[in-house]
Amino acid sequence: MPYRYGVALVALVVGGAMAFPACGSSSATSPSSTAPRTAWGDPDLQGVWRYEGTIPLERPARLGDRASLTEQEVAEQQKLEQEQSANRLAGREGAAVGRRSVGESPIRGNEYNSFWQDHGRPRQVSARTSLIVDPPDGRLPFTADARKAEARSAARYGVGPFESYLDPDTGERCLTDGVTGMMWQGPNGGHNRIVQSPGFVTILHEEYRDRRVIPVDGRPHQNIRQWFGDAVGRWEGDTLIVDTTNFVDRTNYEWASIWTRPSESLHLVERFKRIDSNTMEYTITVEDPTTFTRPWTAVIPISRLSADTQIYEYACHEGNYAMPNLLRGGRIDAARTTSSR
Amino acid sequence: MRAGPRVAVTMALVAALSACTSSTGQPASYVAPRTADGAPDLNGVWQTLNTANYDIQAHPARPALAIMPAAPRTGTPGLVRATHTDLPVPALRPLGAVGGVPAGAGVVEGDEIPYQPWALAKKKENAEHWLERDPEIKCFMPGVPRATYMPYPFQILQSTNAILMAYEFAGTTRTIHLEKVGNSPSPSWMGWSRGRWDGDTLVVDTTDFNEETWFDRAGNFHSDALKVVERYTPVSPYHLMYEATIEDPKVFTRPWKIRMPLYRRFDADARIREYKCVEFVEQLMYGQVGAIDPATGTVNR
């Protein structure tokens with residue numbers, strides 16, 4: 001009995017401390033904050049979120065050093081979005097609905113036929129010319145080696161050769177498309193559900209059923225490398241800051257979008273800041289000397305979808321009929337090449 | 001929000017003072033601590049300590065998951081009456097004692113699974129073809145209730161309107177909807193789960209399953225008519241009693257129940273980690289299909 005009583009008291013102390021971890025800092029930094037809170041007092045980021053904007057990751061080369069579009073350009077873009085949206089709803093295909101090549105696609109996966117994307121409405125147009133805000137030219141600061149690798153992998157993507165299951169990219173293997181784009185990309189829509197519980201923020205990314213259970217209870221980094229690294233979160237005012245290290249790179253070939261490639265030297269810092277009830281400013285700072293000459297930062301406005309939005313089961317590996325078919329095709333190709341030698 | 005700890009104090013004191021132990025060893029009237037919004041608090045990392053994933057029914061120890069009878073003995077006369085044991089199939093023999101199956105009392109109420117006759121025959125056939133058929137081997141999502149008693153932890157992450165069951169195996173997550181939610185658009189591996197509180201017990205109704213998952217490594221199976229009602233009842237700060245009622249009129253003659261305790265993992269830094277087993281099974285599933293098998297580096301002919 002005394003033991004049991006002691007356990008209950010310990011639980012109380014821990015529970016009480018966990019209920020108000022952010023009170024001090026939040027009142028210091030934003031005394032008039034009206035950001036929604038969870039029942040236990042953390043800023044509330046819950047809901048289903050998705051990037052619905054048109055801003056590309058990198059500034060298109062034709063825009064040079066222009067950080068903003070003109071009013072006229074924004075109006076034209078808006079008109080285009082309206083037209084493409086109407087065409088999508090009418091079931092049209094191809095360029096009319098904004099289908100782009102892999103290289104041009106601002107959203108990974110938009111190279112697919114557009115019916116995979118549920119753009120039931122026009123995307124949000126902005127005057128910004130790139131999600132990347134640093135470096136100021138809005139371009140990824142690739143090392144020379146990474147740039148070569150990007151060219152090689154872009155040439156291979158969707159082309160092959162596919163000699164074994166290690167040759168398709170990690171998405172096609174139903175593993176993941178990586179953490180860097182998880183909150184705002186996805187071949188089938190890029191929906192993310194954030195669920196909070198005391199001490200944890202969990203992000204469920206629909207594609208590949210990627211899941212990150214991020215502790216925000218003050219525990220340190222662990223010493224285990226994982227595909228999604230080792231995330232540690234903390235609240236700074238109303239902003240969630242997630243620091244992730246300890247990534248692995250077991251990808252056999254260079255990813256089609258090589259900037260999403262994790263390497264062991266990747267250090268990712270994310271900031272989640274709700275700026276109104278339906279918009280979150282999501283900021284990523286990527287530091288990885290293996291791939292980039294300097295850290296870079298992108299600011300991504302993501303939207304909260306209606307409260308009844310669900311994310312659904314993504315049984316990718318369970319139904320990966322594409323993999324054996326791709327490999328059988330690759331084998332026939334290989335045999336043909338060999339016999340012609 | 002600020003009332004939360006006060007409620008918790010009251011509840012914990014009630015729990016501490018009222019806890020007594022029944023003859024079965026279970027506290028008879030444990031009251032769980034409350035979350036900040038007043039629900040029973042089931043947050044934590046949980047795991048079973050049993051052999052249900054090998055076989056939900058009672059089973060003796062055996063040398064391997066896939067066994068074959070020993071050949072009749074033809075050696076020295078006089079020794080032929082030595083009792084021979086079944087042997088692991090050749091693929092599993094190098095594992096030795098590591099590959100053995102521990103005995104278990106089973107978790108099925110009454111130890112009987114009320115199969116229809118055709119279904120009992122299919123269960124036996126599944127067991128004989130375990131190595132080719134068990135979805136666990138292929139890293140497929142384990143379904144419900146199997147996800148609960150696989151030998152991996154899972155975490156209950158409890159929010160106000162939804163509860164997540166985040167399983168380590170194959171990175172599978174169930175969302176338990178506490179609010180009114182529409183119907184599932186299609187059958188799925190982990191089903192469509194709606195939760196409610198019955199006193200301190202979380203009751204989860206799960207429907208809309210496909211027919212791909214199993215209950216264990218013994219070939220116990222179900223159809224797409226499966227319905228599972230789970231009950232998670234806190235019985236101490238470190239234990240939940242887990243009970244699941246299985247109903248599937250296509251396969252069973254009546255509903256049946258399983259029951260087992262879940263244990264709180266309170267190791268330092270207890271948490272679920274990645275077990276992305278897809279990459280562990282690619283060679284098994286696709287190694288022979290492509291032009292080159294990475295396991296050998298050789299060209300497949």
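This is a predicted model: local features need pLDDT of at least 70, side-chain atom pairs count only at pLDDT 80 or more; totals for chains, interfaces and linings use all residues.

1. Let me begin with a detail in chain A.

2. Now the chains as a whole. Chain A has five helices and ten strands, while chain B has four helices and 13 strands. Of the 341 residues in chain A, 37% are buried; for the 301 residues in chain B, the figure is 38%. Among contacts with a separation of 6 or more, residues 24 or more positions apart account for 62% in chain A and for 58% in chain B.

3. Strand 9 of chain A, residues 279-287, deserves a look for its two faces. Met280(A), Tyr282(A), Ile284(A) and Val286(A) form the covered face, whereas Thr279(A), Glu281(A), Thr283(A), Thr285(A) and Glu287(A) lie on the uncovered one. As background, side chains in a regular strand alternate between the two faces of the sheet.

4. What does strand 9 of chain A pair with? Nine bridges join strand 8 of chain A (residues 267-276) to strand 9, and the two run antiparallel. A hairpin through two residues links strand 8 of chain A to strand 9 of chain A, and Leu268(A) stands opposite Val286(A), a residue of strand 9. Strand 10 of chain A (residues 296-304) is joined to strand 9 by eight bridges, again antiparallel. There, Glu281(A) stands opposite Pro301(A) of strand 10.

5. Over in chain B, the feature to find is a closed barrel of nine strands, running 1-4-5-6-7-8-9-10-11 with mixed pairing. From one strand to the next, the twist averages 30°. Within chain B, strand 7 (residues 192-198) and strand 8 (residues 201-207) run antiparallel and are joined by seven bridges. Trp197(B) stands opposite Leu202(B), which belongs to strand 8 of chain B.

6. Which residues touch the most other members of the largest nonpolar core? They are Val201(A), Ile302(A), Leu157(B) and Ala166(B), in a core of 88 residues. Strand 5 of chain B (residues 162-167) gives the most to this core, with five residues. Apart from this core lies another, of six residues, including Phe162(A), Tyr165(A), Leu327(A) and Tyr286(B).

7. Leaving out residues up to four places away in sequence, Ile302(A) touches Trp49(A), Arg50(A), Tyr51(A), Met183(A), Trp184(A), Met280(A) and Tyr282(A).

8. Finally, the interface. Here 50 residues of chain A are in contact with 50 residues of chain B. On the side of chain A that touches chain B, the elements giving two or more residues are helix 1 (2-19), strand 3 (192-197), strand 4 (200-205), strand 5 (210-215) and helix 5 (322-340) of chain A. Helix 1 of chain A gives the most, with nine residues. By type, the residues on this side of chain A divide into 26 nonpolar, twelve polar and twelve charged.

Notes: Residues are numbered from 1 along each chain as its sequence is written. Chains are lettered from A and ligands numbered from 1 in the order in which they are written. A nonpolar core is a set of buried Ala, Val, Leu, Ile, Met, Phe, Trp, Tyr and Cys residues joined through C-beta atoms within 7 Å. A residue is buried if 20 or more other C-beta atoms lie within 10 Å of its own, exposed if 12 or fewer, and partly exposed in between; C-beta atoms are placed from the backbone. Two residues are in contact if their C-beta atoms, placed from the backbone, lie within 7 Å. Ala, Val, Leu, Ile, Met, Phe, Trp, Tyr, Cys and Pro count as nonpolar, Asp, Glu, Lys and Arg as charged, and the others, Gly among them, as polar. Two strands pair if DSSP finds at least two bridges between them. Axes are lines fitted to C-alpha atoms, for helices over the stretch in contact, and angles run from 0 to 180 degrees between N-to-C directions.
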